[in-house]
Every structure is written in C-alpha cells, then in structure tokens.
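Please open the model in your viewer and keep the sequence panel beside it. The stops below go from one selection to the next.

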Amino acid sequence: MHTFDHAGLTIIGAPMAGGVSTPALTAAVSDAGGFGFYGGAYLSPDTLTAAIRDIASLTSRPFGVNLFVPERVDVDRVEFAAYRDRLRPLAERVGVTLPESVPFTDDSFDAKVDVLLRERPAVVSFTFGLPDRSVVERFHAVDVAVSVTVTSVAEARLAADVGVDSICAQGFSAGGHRAMFAIADADPQVETLELVRAVVDEVGLPTVGAGGVAGPTDVRAILDAGAVAAQIGTLLLRTPEAGTRRAHRDALGDPQFTTTVTTRAYSGRLARGVENDFIRANTDVAPSAYPQVNTLTGGIRKAASDDPHVINLWAGTGFRSAQAIPAGDVVRDLSR
C-alpha cells in the first residue's frame with residue numbers, strides 16, 4: 001500500500017474541498033512527480049465517483065481522496081439565531097434570504113466511503129477526526145492505504161491506534177480548515193516543524209508535514225524534521241488547474257491584503273484565511289457549529305463570489321508565494 005515514503009516523492013498536493021480541488025489539479029500534481037489529493041467533501045457520492053474516474057483518465061500515477069469525518073454536536077440555537085441576524089444586512093445587500101434554521105448533515109459520509117472502497121484510489125485520507133477501525137480495515141482489505149490529518153501528538157496517537165498507515169501533521173500556519181478532531185476544540189497552535197518532529201518521535205509512522213510552505217527551503221526543512229514529504233495547498237491556488245475563484249486568486253497578490261488569521265466566521269470550524277472585512281466583522285461572534293454555519297454563510301459567499309471582502313480567502317501564511325503558473329511547475333520547482 002502507498003505510504004508516501006518511496007524514493008523521490010517529496011511533494012503532496014493538498015485536498016482542497018469546496019471547488020478548488022479539480023481532477024485536472026490532482027492529476028497534474030501526480031504527473032509532475034508529486035502525489036495529488038482530491039477533496040471529496042461537499043460532493044454527492046455520484047459526483048465524487050465521476051471526479052475520481054476523471055482523475056484516473058488524466059493520469060496513470062497514484063492519487064488520493066480526502067473525506068471530512070462528521071461530528072454531530074448540539075447547536076446553541078440562541079447563538080445561531082444571533083449570528084443569522086448579524087449576517088442579515090449583508091445577505092440582503094447581496095440578494096440572499098438566510099435560512100431560519102440549518103439541519104445537520106453528515107455529508108453522505110458512509111456512502112462516500114463505499115464509493116472509495118469501490119473506486120480504490122491509492123490513499124484515502126480523513127480530516128476532522130478518525131474513521132472507525134473497521135473502516136480502516138475495509139480499506140486495507142482492498143489494498144487502499146489510510147492517512148489521517150492531525151494537529152497534535154495526542155491526535156496522532158489516536159490515529160495510530162486505529163491502524164492508519166500514515167499521518168499528515170498540519171501545522172498552525174496551514175491554510176484552510178484546521179483539522180482538530182472536535183469542532184469546539186481550541187487550536188493547539190503547534191507549528192509544522194515542531195509537530196512533525198513530535199509526531200515522528202511518538203508514533204513512528206510515515207508523516208507528511210503541512211503548513212507554511214513558501215518555497216524549496218521550507219520543503220527541505222520539513223524533510224529534515226523527519227517528514228517523508230511536504231504538503232502544499234496555498235501554492236496551488238493560483239495555478240490554472242485549480243478551481244479557485246477569480247477574486248480569491250487576485251486577493252493573494254493584492255497589497256491591500258497583508259495577513260492571515262484563523263476564524264470560525266465562515267463555517268463554524270476554525271480555518272485560516274486572508275483577513276478581510278467579513279473576518280474582521282464576525283470572528284468574535286461566530287458560533288462553533290459545523291456544518292450549520294458553513295451552510296448559513298454559503299448563499300452569501302455564492303452571491304458575492306466576486307467580492308474578496310465577503311468570500312472566504314482560505315490560504316496559509318506563505319500566500320504571497322503563490323504564483324499563476326502550471327501546477328506541474330510548482331511541484332517541480334519545490335522538488336529541486
């Protein structure tokens with residue numbers, strides 16, 4: 001089974017759900033000598049099936065697919081209603097009616113596990129928690145390796161205990177959703193190199209370092225810390241193969257945007273993005289309710305897709321290094 005630690009593979013393309021991951025991007029990363037991942041969250045099982053088959057038609061090299069592990073928590077109705085009311089003026093400005101309530105959804109998790117068991121990508125990875133040991137064993141039975149994203153040594157221990165084959169150690173500087181196992185958890189805020197060293201020492205599994213990669217020097221530092229590969233996401237956002245919105249691409253090079261922060265404002269889960277007006281206005285009041293807050297804000301983000309001060313600009317701390325060049329060039333430049 002594939003565990004990322006064969007000779008020559010140093011770059012993993014991060015799964016970026018919500019439209020940024022595309023079959024073309026995943027295939028391009030793998031074809032360039034990296035390992036491409038596809039973000040399977042928010043897709044129906046049928047759409048995920050079609051995407052996996054598209055990737056397989058574009059590359060003969062191994063690739064992986066990521067799923068979000070669902071966690072059902074009680075939503076504070078008062079907090080949620082207050083947040084909806086706070087967002088209502090913005091929603092009205094962009095022509096959106098906000099739902100009065102949002103039901104929990106597990107994102108068709110079990111059905112998508114079945115899709116992956118049938119389609120058999122080389123690796124299946126999980127974020128936001130652990131699959132049951134029985135799920136790991138089912139993947140192993142069809143020769144599919146399993147990886148889990150962690151933000152702490154404690155999470156890595158739990159992942160090792162269910163029999164995963166590798167770990168993705170996500171440092172605090174990584175863009176997009178933070179991978180803590182519980183929605184309401186505080187961020188451990190461990191940076192990539194420290195986390196890689198600690199995870200490798202503790203569990204000894206092949207470990208990928210993710211977060212803060214801006215160039216080849218960062219890749220070498222992650223490998224020197226004991227990782228078998230470095231994962232990149234932000235550096236792929238401006239590539240032509242990515243499904244990144246135009247306003248998002250442009251913001252990464254716009255001097256008015258200067259820093260990244262973590263926020264629950266868009267989804268109810270902590271995530272790192274370029275700081276904009278929406279984040280500044282709402283970070284302090286957004287409830288810890290995922291995916292309900294994600295659904296609540298979704299209509300606003302769709303309606304205002306050309307406004308970088310409204311949409312989520314997920315990105316890591318190295319976002320200024322993202323270039324509008326082919327994904328294969330990004331991978332090859334980092335592998336030198």
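Begin by selecting isoleucine 12 and glutamine 231, which stand opposite each other, the latter in β9. The model is a predicted one, in which local features need pLDDT of at least 70 and side-chain atom pairs count only at pLDDT 80 or more, while totals for chains, interfaces and linings use all residues. Residues are numbered from 1 along each chain as its sequence is written, and side-chain values use heavy atoms, with hydrogens and water left out. Helices (H or I, at least four residues) and strands (E, at least two) are DSSP runs, numbered from the N terminus.

Now show β1 together with β9: the two pair in the parallel sense over three bridges, where pairing requires that DSSP find at least two bridges between two strands. From β8 the chain crosses through α8 to β9 in a right-handed β-α-β crossover; right-handed here means that, with the strands pointing away from the viewer, the path from the first strand over the helix to the second runs clockwise.

Colour strand β9 (residues 229–232) by side-chain direction, and Ala229 and Gln231 point one way while Ala230 and Ile232 point the other, all of them buried. Buried means under 20% relative accessible area, exposed means over 50%, and partly exposed lies in between (1.4 Å probe, protein chains only).

Next select threonine 10, in the segment before β1 (11–13). Is threonine 10 buried or exposed? Because its relative accessible area is 19%, threonine 10 counts as buried. With neighbours within four places in sequence left aside, threonine 10 is in contact (heavy atoms within 4.5 Å) with Leu223, Val228, Ala229, Ala230 and Ser335.

For contrast, move to aspartate 224, which lies in helix α8 (residues 216–224) and, at 71% relative accessibility, counts as exposed. Between aspartate 224 and arginine 197 there are 27 residues of sequence separation, and the C-alpha to C-alpha distance is 9.3 Å.

Select strand β3 (residues 63–68), where six of six residues are buried. Phe63, Val65 and Leu67 lie on one side of β3, and Gly64, Asn66 and Phe68 on the other, so that both faces are covered. Strand β2 (residues 35–39) runs parallel to β3 and is joined to it by four bridges, and the bridge partner of glycine 39 in β3 is asparagine 66. Strand β4 (residues 123–127) pairs with β3 in the parallel sense over five bridges, with phenylalanine 126 of β4 as the bridge partner of leucine 67.

Two loop residues deserve a backbone check. Tyrosine 42, in the loop between β2 and α2, has a positive phi near 70° although it is a residue other than glycine, and at 35% relative accessibility it counts as partly exposed. Phenylalanine 128, in the loop between β4 and α5 (133–141), has a positive phi of about 80° and is not a glycine either; with a relative accessible area of 2%, phenylalanine 128 is buried.

**Helix α3**

Select helix α3 (residues 77–93), which bends by about 40° at leucine 87, with proline 89 following within four residues. The bend is the angle between axes fitted to the seven residues ending at a residue and the seven starting there. Phe80, Tyr83, Arg84, Leu87, Leu90 and Ala91 are buried in α3, and what covers its buried residues includes α10 (277–282) and α11 (292–303). In the loop between α10 and α11 lies proline 291, joined to tyrosine 290 by a cis peptide bond with omega of about 10°.

**The open sheet**

Finish with the three strands that form an open antiparallel sheet in the order β7-β11-β10. Because β7 (176–177) and β10 (260–263) each have a single partner strand, they stand at the edges, and one side of each is left without a neighbour in the sheet. Four bridges pair β10 with strand β11 (residues 271–274) in the antiparallel sense, and threonine 262 stands opposite arginine 272 in β11.
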